[in-house]
Amino acid sequence: MNQTQKKDLIEKAVRLHDEVFKFAFRKTKDREASQDIAQTVMEISISKIHTLRNPEALKSWIKQITANQIKEYFKALDVYRKNTVTVPPAEEQALMEQVCDTEADILQKMETQEARRDIIKALLRLEPKYQEILRDHLVYEIPLNQVAEKRSINYNTVRTRYQRGLQQLKEEFDRIEEGR
């Protein structure tokens with residue numbers, strides 16, 4: 001596949017964004033989750049466009065990626081619901097105060113749409129071992145101990161990767177904001 005063909009396929013994929021969003025929304029009934037799913041589908045399809053064997057199958061390929069992402073969303077939601085613990089208000093306040101400044105900075109920057117795109121770009125620049133843990137914890141809100149179980153990784157390793165990944169994410173985000 002030459003560069004022109006690849007570019008054309010990417011443009012066609014991007015034009016399918018609204019259709020992907022609508023499909024995800026019909027399944028999830030959650031606007032924010034559908035936006036996240038559509039964004040993830042676009043990221044995956046663009047980064048893996050070179051693996052598409054039949055360019056005419058682009059739409060069905062993207063639809064399958066969307067279906068897979070919707071399944072992942074419901075799996076994560078189910079895990080989250082099963083492992084949600086009610087915390088007394090006094091303890092909740094103490095826990096909230098323990099959130100590190102870096103995480104607060106990242107989450108605050110994610111509030112704007114442009115910053116969200118930059119965060120995704122920054123996230124994609126990280127090593128996969130950091131991407132996976134940050135995505136599970138920040139996007140799907142899976143507790144780190146559950147991430148460790150899900151990925152069959154030692155909990156301390158997950159915590160370390162989360163902290164390092166968060167720091168690298170902040171650095172990459174700052175580079176993107178500076179235009180590098």
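Buried, in these notes, means under 20% relative accessible area. I'm working from a predicted model.

**Entry 1: aromatic pairs**

I searched the whole structure for aromatic pairs and got two. The rings of F21 and F25 have centres 6.0 Å apart and planes at 20 degrees, so I logged the pair as stacked. The cut-off for stacked is under 30 degrees.

Where do F21 and F25 sit relative to each other in helix 2? They are four residues apart in that helix, which covers residues 17–28, so about one helical turn separates them.

Next I looked up accessibility. F21 comes out at 16%, so I put it down as buried. F25 has a relative accessible area of 29%, so it goes in as partly exposed.

The other pair I wrote down is Y73 with F74. Their ring centres are 5.0 Å apart and the planes are at 70 degrees, so this pair is edge-to-face. The cut-off there is over 60 degrees. Y73 is buried at 13% relative accessibility, while F74 is partly exposed at 35%.

**Entry 2: charges over rings**

Back to F25, this time for charges. The charged end of R31 sits over the F25 ring, 5.2 Å from the ring centre. I also found K63 with its charged end over the ring of F23, 5.2 Å from that centre.

**Entry 3: helix 2 against helix 3**

I then checked how helix 2 packs on helix 3, which is residues 31–47. The angle is about 135 degrees and the axes are 8 Å apart. That makes the two helices oblique to each other, because only angles over 145 degrees count as roughly antiparallel. I noted the crossing of helix 2 past helix 3 as right-handed.

Which residues make the contact? From helix 2 I listed H17, V20, F21, A24, F25 and T28. From helix 3 the list runs R31, S34, Q35, I37, A38, Q39, V41 and M42. So the stacked pair F21 and F25 turns up on the helix 2 side of this contact, and R31, whose charged end sits over the F25 ring, is on the helix 3 side.

**Entry 4: Q69**

Last stop was Q69, which I placed in helix 4, residues 58–82. Is Q69 buried or exposed? At 12% relative accessibility, I have it as buried.

What does Q69 touch, not counting residues up to four places away in sequence? I got I37, T40, V41, I44 and Y140. Among them, I37 and V41 are also on the helix 3 list for the contact with helix 2.

Notes. Residues numbered from 1 in each chain as written. Predicted model: local features only at pLDDT ≥ 70, side-chain atom pairs only at ≥ 80, totals over all residues. Heavy atoms only, no water. Phe/Tyr/Trp six-rings, centres within 6.5 Å; stacked < 30°, edge-to-face > 60°. Buried < 20%, exposed > 50% of the residue type's maximum accessible area, 1.4 Å probe, protein only. Lys NZ or Arg CZ within 6 Å of the ring centre and 35° of its normal. Axes fitted to C-alpha atoms, helices over the stretch in contact; angles between N-to-C directions. Parallel < 35°, antiparallel > 145°, perpendicular 65-115°, else oblique. Left-handed = near helix turned anticlockwise from the far one by under 90°. Contact = heavy atoms within 4.5 Å.
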